[in-house]
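My entries follow in the order in which I checked things.

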Amino acid sequence: MSSREKSPYYGSLQQVVDSLFADLTEEERIADMAGVPGARKVRRLDVIMAAEAVDLPDELQEIVNLLPPSTFTRRRLCDQLNSAVGGHAWGQKYGTVE
């Protein structure tokens, strides 16, 4: 499968991100998008565990494992994942996250 064809796992990273931030209130979503200090964060380990729970393919697990040790707001997590997906030219194959 080329990197231009959509994988059966297209959108799987989005599902991981959505699951990590599923219970955000509307105020928390606005604070996160605005970059307000104190927005909800998840740990790198939380992201890795969520990705393992949905049994991502090795290529997407590699993307998640590239996250630096840190805590992430939804916005920052998406930026980090999209950067890694783009760096591998897998955006069309697996999709990006928001």
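I began with helix H1 and found Ser 12, Leu 13, Gln 14, Val 16, Val 17 and Leu 20 buried, where buried means under 20% relative accessible area, exposed over 50% and partly exposed in between, with a 1.4 Å probe and protein chains only. I noted beside this that an α-helix has 3.6 residues a turn, so residues three or four places apart point the same way. The cover over the buried residues of H1 includes strand S1 (42-43) and the helices H3 (44-53), H4 (58-65) and H5 (74-87); helices (H or I, at least four residues) and strands (E, at least two) are DSSP runs numbered from the N terminus.

This is a predicted model, in which local features need pLDDT of at least 70 and side-chain atom pairs count only at pLDDT 80 or more, while totals for chains, interfaces and linings use all residues. Residues are numbered from 1 along each chain as its sequence is written, and side-chain values use heavy atoms, with hydrogens and water left out.

Next I looked up Phe 21, which lies in the loop between helix H1 (12-20) and helix H2 (26-34). Is Phe 21 buried or exposed? Phe 21 is buried, because its relative accessible area is 1%. Setting aside neighbours within four places in sequence, I listed its contacts as Arg 29, Arg 40, Val 42, Phe 72, Thr 73, Arg 74 and Leu 77, a contact being heavy atoms within 4.5 Å. I also took the C-alpha separation of Phe 21 and Ala 89, which are 68 residues apart along the chain, and it is 26 Å.

For the chain as a whole I counted six helices and two strands, and read along the sequence they follow the pattern α-α-β-α-α-β-α-α. The radius of gyration is 13 Å, close to the 13 Å that the globule rule gives for 98 residues, so the chain is as compact as a globular protein of that length; the radius is taken over C-alpha atoms, and the rule is 2.2 Å times the number of residues to the power 0.38. Buried residues make up 38% of the 98 residues.

Last, I searched for aromatic pairs and found one. Trp 90 and Tyr 94 pair edge-to-face, at 5.9 Å centre to centre with 85° between the planes; rings of Phe, Tyr and Trp (its six-membered ring) pair if their centres lie within 6.5 Å, and planes under 30 degrees apart count as stacked, over 60 as edge-to-face and the rest as tilted. Trp 90 is buried at 12% relative accessible area, and Tyr 94 is buried at 5%.
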